[in-house]
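Welcome, and please open the structure in your viewer. We will go through it one selection at a time.

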Amino acid sequence: MKWLVAERRRSLSAALIVVAVVITSLLAPNPRDRVALGVAIVVAIVGVATLTIRGFRETHPVFARATLTVVALDVALFATYFFSSITNFNLAIGAAMSIVLLGLSFLTGASGQISLGNSAFMGVGALAVAIWANHHASTPMVVTLLIAVACGAFVGLLLGLPATRLRGPYLAGMTLAFAVAFTAIVNSFTSWTGGDAGLQLPTAVTPPQWLSSFFNAQTSLLRVNTMWLADITIVVTGVAFFFMANLFASRTGRAMRLVRDNEVAAELVGVSLPRARVIAFMVSSAYAALGGALWTLINNSVSPPTFSLALSITILSLVVIGGIGTISGALIGGVIYAYSTNVISWFTQHTGINSQGNLASQLPGIVFGGLLILTMLFAPMGIAGAVRRVWARRRVRMTP
Amino acid sequence: MIVVEELSVSYGAVQALREVSFRAETGVITAVLGANGAGKTTLLRTISGLKEPAKGTITLDEHSLARQKPENIARLGVGHVPEGRGVISEFTVEENLRLGAMMAKVNLSDGLEEQYQRFPVLGERRKQHAAKLSGGERQMLAMARALIAQPSVLLLDEPSLGLAPQVTAQLMHTIRDLCASKGLTVILVEQNASTALRIADHAVILYLGRVVANDAASIIVADEDLRQHYLGKVE
């Protein structure tokens, strides 16, 4: 009994694992599913048990972030087996958008710069994937995604160099010009980009054979495809978030925040301001390009007019609503974006608004604008900031 | 040793420094004194590369500092604690100190331990956000952040600004100790002449961007005319 009390964490974890195995054997229809479900539950339990070890996050920060990423991926991937096609599609779109938001959140929150051109950076990644796939269809998907990221980073570098001399509204103006010019640039190279019509991927992203045998996923081809797309997007998002969490906490991340808060102090400790700004721009645009590339894979096509100035403003609004400079804020923004379409269609159905009418087409803008105003009024640090504040108050109250 | 020769600096049409020359010897505290607008802060900013000189030279041992980038000057061993301190409120004490060691090739854990020994209050508050520190503690943090990079020259801009007399005295004592124990070259800019002259070995008085006195601190303290004209009342 003494041992059980002393080793509370281990005994609780062991008990949970036993319960999980019992549930698995009852839920899963065949041995293969039982193993998959069992492994997923054990990973989640061990991960959570590790993360809750006192002082673990302080002493092993990178390992703690890796564990958190694995647990989150484990749960999210597993959930996709049970979600409907529409939910999985929305999940994939939300995950792709959260990568874009994370990049902008880093640029704005960590380095103090602003960009109104993130939709165009997304477009760069989206087009890069489509163009490359149309010319080199056999290239593995990971390589194609990396090419899109490299293209985004390169365009970010080109814009970041003059941006080192610009501040506030002037910088916003320059990135705004890029967002406005993007469609015109794309239309100038129609033989490559397809102009306004865009490009179709030569082959759809198809899941591997083994996937369809899990959890009766084979019930519908659409379901398997959307589940696979959601899985790919979730894994890429997990890796992107893990990398960014480490970047935020790294020497480079701290240097960026120092540049944001006190340029003089940054220079005096040996930080090169132009280099820090250009790196921030490149990281942000690479993330936007990655989000855009995933967007193309999810939709199986790219339509350049999608990456309009309106999308840039939506992206900026979502970063503010979620919480600037926070990892969780980007996730919150992604979820809001993914499910906003469902909420709007529910609203139009229940209010009798003509879904093809002018008002319905303006509803997304009204919703995001309204949410932005409410956030500014009641949670200036975004939803993530508000949650953190409530949590901090609760902890203070609970402290004897 | 830092040697400043014929240094002139302008802000547009306004000339902030006019052919300023002086030497700051190794292991010596050189106080730079003067009224508001005399060019004291501009002098420090020019030495650390934040402001480009119109003409003149600045030499640290055999390295020329004039027209170098601030990050390169910092890497050459010049630590600058600016006016207003420049600590990041949202970072903890330890994170602020890590920033100081960021670009320097020093052992971080040894450096942190050394600073916590020198400023025990920072050690006690290492996990606290800088926003929660008092003015004196913030000044200590700013100094510790500069010192963690193991500089050979320390530029201090108005370290006593806004501090209680007792805290100022403690801080000045620490600066004196630092200079003696580590052989640092210290250039101390102060409006409070009494405080600075109490610990300085050498003093330079600036008036409207020109050097009007450049001598041992004891001689400047003894010169009543100089004190009355340029420093006001010195206790």
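Predicted model: local features only at pLDDT ≥ 70, side-chain atom pairs only at ≥ 80, totals over all residues.

Stop 1: Select E2, E1, E4 and E5 of chain B. In that order these four strands make up an open sheet with antiparallel pairing. Strand E2 (14-24) and strand E5 (63-64) of chain B are at the edges; each has a single partner strand, so one side of each has no neighbour in the sheet.

**Stop 2**

**Stop 3: one strand pair.** Select residues 2-11 (E1) and 55-60 (E4) of chain B: five bridges join these two strands in the antiparallel sense. To see a bridge partner, pick Val3(B) and look across to Thr59(B) in E4(B).

**Stop 4: where the chains meet.** Show both chains together. The contact involves 16 residues of chain A and 20 residues of chain B. About 1,700 Å² is buried between the two chains, 65% of it on carbon and sulfur atoms.

**Stop 5: charges at the contact.** How many salt bridges does the rule find across the interface of chain B and chain A? The rule finds one; select Arg260(A) and Glu90(B), whose side chains meet in a salt bridge at 2.7 Å, N to O.

Finish at Arg254(A), in helix H12 (residues 251-261) of chain A. Arg254(A) is buried yet has no salt bridge, and the nearest side chain of opposite charge, Glu95(B), lies 6.0 Å away. Residues that Arg254(A) touches include Phe248(A), Phe91(B) and Leu99(B).

Definitions and conventions
Residues numbered from 1 in each chain as written. Chains lettered and ligands numbered in written order. Heavy atoms only, no water. Pairing = 2+ DSSP bridges. Buried < 20%, exposed > 50% of the residue type's maximum accessible area, 1.4 Å probe, protein only. Lys, Arg positive; Asp, Glu negative; His and termini not counted. Salt bridge = Lys/Arg side-chain N within 4 Å of Asp/Glu carboxyl O. Contact = heavy atoms within 4.5 Å. Buried area = accessible area lost by both parts, 1.4 Å probe. Lists of a residue's contacts leave out its neighbours within four places in sequence.
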